[in-house]
Structures are given as C-alpha cells and as structure tokens.
Amino acid sequence: MPPITRREFIRHGLLAITALPLGAGILSSRALAADLPLLDPSSPQAQALGYVDKAGKARGHDAWKKDRTCANCMFFDADSAGCQLFPQNRVAPEGWCQAWNG
Ligand code: SF4
C-alpha cells in the first residue's frame, strides 16, 4: 500500500469531520423517535392515511394486502419504531397504513 499523501490525509480528515455531526444527528433522531408517543389511530393524521395499529383491522381497504405491516415498510425504522410519514409519533410494528411501501 503506497504511503498516504499530505493532500489525501487532509481530505480524509475533512470528510471525517464533516460526517461526524451527520452520524450524531441520525443517532439522536432515532433516540428521540423512541421517546415519541404512539400514533393514535383515531387522530386526524392517522385517519388521513387509514392507519391502524393492527394491520388486520384494515382488511377490506383497497390498498390492504396480507403480510404488509409497518415492520416491513420502507418508511419504518425498527430501532425507534418511528415512521417517516408520522415524525411526531412512533407506530406499532404490526400496524399498517395505505402509504405502505416495501
Ligand atoms: S408508512 Fe409504513 S411504517 Fe408508516 S404507518 Fe404507514 S405502513 Fe406504517
């Protein structure tokens, strides 16, 4: 492996310093999301997307399909139970809404 040049050393150092706050921000947002209240299915925001806290309750909804839950939705963060569409709340992993996306 060739020795690292001064320019490369400085560039890598700057990248690392730039990435630090980003990484800390992601960690702290996950920690914060874990402290958020569970989304109330009767709230206007939840009802706007047909959110239910148990996916089976949505059976019969046009967008509902078996085995689709928050836990396997791309908007769900398993570490915090947060959902990108409901940033003020956590959602139930076994829940569902019509914005589900795999
Ligand atoms: S977008 Fe996905 S994770 Fe969020 S409530 Fe709907 S199904 Fe659940």
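Trainee: In this predicted model, does Asp-53 count as buried, partly exposed or exposed?

Mentor: The relative accessibility of Asp-53 is 26%. Buried would require a value under 20% and exposed a value over 50%, so with 26% Asp-53 falls in between and counts as partly exposed.

Trainee: Which residue forms a salt bridge with Asp-53?

Mentor: Side chains of opposite charge can pair when their charged atoms come close. For Asp-53, the closest N and O atoms of the pair are 2.7 Å apart, and a salt bridge needs such atoms to be within 4 Å. The partner, which counts as exposed at 56% relative accessibility, is Lys-57.

Trainee: How many residues apart in sequence are the parts that Lys-54 and Glu-94 tie together?

Mentor: The side chains of Lys-54 and Glu-94 meet in a salt bridge, at 3.6 Å from N to O. Lys-54 lies in the loop between helix 2 (44–48) and strand 1 (76–77), whereas Glu-94 lies in the segment after strand 3 (86–90), so the parts that this pair ties together are apart in sequence by 40 residues.

Trainee: How many salt bridges does a search of the whole structure find?

Mentor: Among them are the pair of Asp-53 with Lys-57 and the pair of Lys-54 with Glu-94. Another joins Asp-67 to Lys-66, with the closest N and O atoms 3.9 Å apart, and both Asp-67 and Lys-66 are exposed. For the whole structure, the search finds a total of three.

Terms used:
Residues numbered from 1 in each chain as written. Predicted model: local features only at pLDDT ≥ 70, side-chain atom pairs only at ≥ 80, totals over all residues. Heavy atoms only, no water. Buried < 20%, exposed > 50% of the residue type's maximum accessible area, 1.4 Å probe, protein only. Helix = DSSP H or I, 4+ residues; strand = E, 2+ residues; numbered from the N terminus.
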